[in-house]
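User: I am new to this structure and would like to go through parts of it with you. Could we begin with a helix and then turn to a single residue?

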2 protein chains.
Amino acid sequence: MPNPTAAMLVIGDEILSGRTRDANAYHLAGVLSAAGIDLLEVRVVPDDHDVIVSALDALRGRYTHVFTSGGIGPTHDDITADAVAAAFGVGIAVREDARALLEEAMARRGTAASPDQLRMARVPDGARLIVNDVSGAPGFSLGNVHVMAGVPSIFRAMLDALLPGLQAGVPRESREVRFEVGESRVAGPLRDLAERTPGLTFGSYPFSDGDLRGTNVVVRGTDPALLDEAVTRLEEIRRAVS
Amino acid sequence: MPNPTAAMLVIGDEILSGRTRDANAYHLAGVLSAAGIDLLEVRVVPDDHDVIVSALDALRGRYTHVFTSGGIGPTHDDITADAVAAAFGVGIAVREDARALLEEAMARRGTAASPDQLRMARVPDGARLIVNDVSGAPGFSLGNVHVMAGVPSIFRAMLDALLPGLQAGVPRESREVRFEVGESRVAGPLRDLAERTPGLTFGSYPFSDGDLRGTNVVVRGTDPALLDEAVTRLEEIRRAVS
């Protein structure tokens with residue numbers, strides 16, 4: 001059975017304007033890779049209702065899962081929950097279990113939830129909450145769309161809560177072989193090896209280290225024996241081109 | 001006249017697998033922001049010919065510019081140039097001016113260009129070269145698609161070479177006001193201010209600093225007087241909520 005697939009939708013003007021460097025896509029990519037869920041696309045879009053709705057529509061039919069980050073706080077630019085409700089054509093309102101989680105977190109900090117904070121308890125009809133211990137304000141899953149916060153510590157906490165409930169695939173393992181020669185010297189034999197080994201994918205990444213121009217070759221796949229065999233072949237190539 | 005718009009297409013399995021954290025989108029976002037070109041979408045896709053072609057087709061009709069990074073080296077996984085040629089329905093071959101740039105760079109390093117390196121001189125018909133001093137191997141522009149390397153130092157050099165030739169817009173400036181209260185305390189007055197000031201966009205970004213939970217409010221727009229006025233209003237709000 002093929003692995004489940006995924007896309008990520010990063011929502012936020014601050015990423016596109018260059019103010020903030022997104023950290024969540026990189027974190028999600030590593031976590032999904034280890035879980036055997038194949039991340040096949042990432043999109044970054046602005047805080048714009050119609051754009052978010054059409055991105056959700058494009059992605060949720062194409063992949064097993066869509067993970068979103070950003071736009072679920074208490075302010076006017078937090079419009080993700082409404083966009084998800086609109087994409088699914090369902091209603092959205094403050095929900096008692098979400099409100100209870102928020103009020104509990106507020107009480108621990110010795111304050112009461114304000115009307116603006118209660119916006120964070122608005123959840124589309126039929127969604128399942130994604131709890132987090134960092135802020136208290138929950139994310140949610142609706143269908144195959146998992147809606148999480150943009151603040152990296154909260155995003156990570158929500159992903160930790162969500163992941164055990166998702167069906168895992170076969171983790172894609174990777175091996176890396178370092179060549180101390182430029183990419184062009186590796187290209188020919190690497191192409192031959194890749195053509196002979198359709199069960200694996202080979203990537204080649206140039207690096208420079210002082211005066212040295214080298215190449216890291218990364219081979220990825222789900223079969224450890226095939227991966228070990230490929231590493232042996234790569235080491236033979238390394239001896240031949242060094 | 002509205003600002004030119006842009007999308008970025010990041011091409012590379014290594015980003016989606018979590019091996020590499022992309023750095024080019026963040027760099028491009030800052031550079032375009034300063035140039036008054038509005039970056040409205042970023043997509044990350046794998047090294048897959050058909051996927052790259054359909055992403056190019058989706059983006060190049062929608063935005064003034066499409067900037068790509070990745071997949072233009074000498075190895076079998078470098079398929080961007082072919083995908084761009086296919087998306088535009090044009091041929092692709094080694095071109096003499098591109099070959100000359102490559103051979104010059106090789107000569108400076110005291111080597112000759114190998115057949116695999118010559119792959120990097122393959123350019124779609126009708127493209128304009130984007131030079132770079134770091135590797136010598138050129139990127140290219142075809143129509144409104146600008147094809148650059150994934151290695152960050154080369155990407156930046158190509159962007160520096162490309163940008164002066166693109167029509168600039170009105171730079172969007174931003175001002176930031178730091179609130180030492182949580183986002184919910186700012187939400188109400190900020191929403192009112194945003195509604196009263198349609199020429200600007202307001203973003204609110206929570207932060208924590210030890211025990212302090214604060215909020216950075218960022219206001220963006222093209223009219224400096226309007227921005228200054230908004231900062232005065234935000235400072236009034238800060239006095240009121242502190």
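**A helix and a residue**

Analyst: Helix α3 of chain B covers residues 49-60, which is 12 residues. In this predicted model, α3(B) reaches 16 Å from its first C-alpha to its last, close to the 16 Å expected at 1.5 Å a residue.

User: Which residues of α3(B) are buried?

Analyst: The buried residues are B:I52, B:V53, B:A55, B:L56 and B:L59. They cover an arc of only 165° around the axis, so they sit on the same side of α3(B).

User: And what covers those buried residues?

Analyst: The cover includes the strands β1 (5-11), β2 (38-45), β3 (65-69) and β8 (145-148) of chain B, together with the helix α4 (80-88) of that chain.

User: What caps the N-terminal end of α3(B)?

Analyst: B:D48 does, with a side-chain oxygen 3.1 Å from the backbone nitrogen of B:D50.

User: Changing topic: where does A:R178 lie?

Analyst: A:R178 belongs to strand β9 of chain A, residues 173-179.

User: Why is A:R178 classed as partly exposed rather than buried or exposed?

Analyst: Its relative accessible area is 36%, and partly exposed is the class between under 20% for buried and over 50% for exposed.

User: Which residues does A:R178 touch?

Analyst: Leaving out residues up to four places away in sequence, A:R178 touches A:F207, A:D209, A:L212, A:T215, A:N216 and A:R238.

User: How many Å separate the C-alpha atoms of A:R178 and A:A100?

Analyst: They are separated by 53 Å, and the two residues are 78 residues apart along the chain.

Note on methods. Residues numbered from 1 in each chain as written. Chains lettered and ligands numbered in written order. Predicted model: local features only at pLDDT ≥ 70, side-chain atom pairs only at ≥ 80, totals over all residues. Heavy atoms only, no water. Helix = DSSP H or I, 4+ residues; strand = E, 2+ residues; numbered from the N terminus. Expected span 1.5 Å × (residues − 1). Buried < 20%, exposed > 50% of the residue type's maximum accessible area, 1.4 Å probe, protein only. Arc of directions from axis to C-beta. Contact = heavy atoms within 4.5 Å. Polar contact = N/O pair within 3.5 Å; in protein donor to acceptor, adjacent residues only side chain to side chain.
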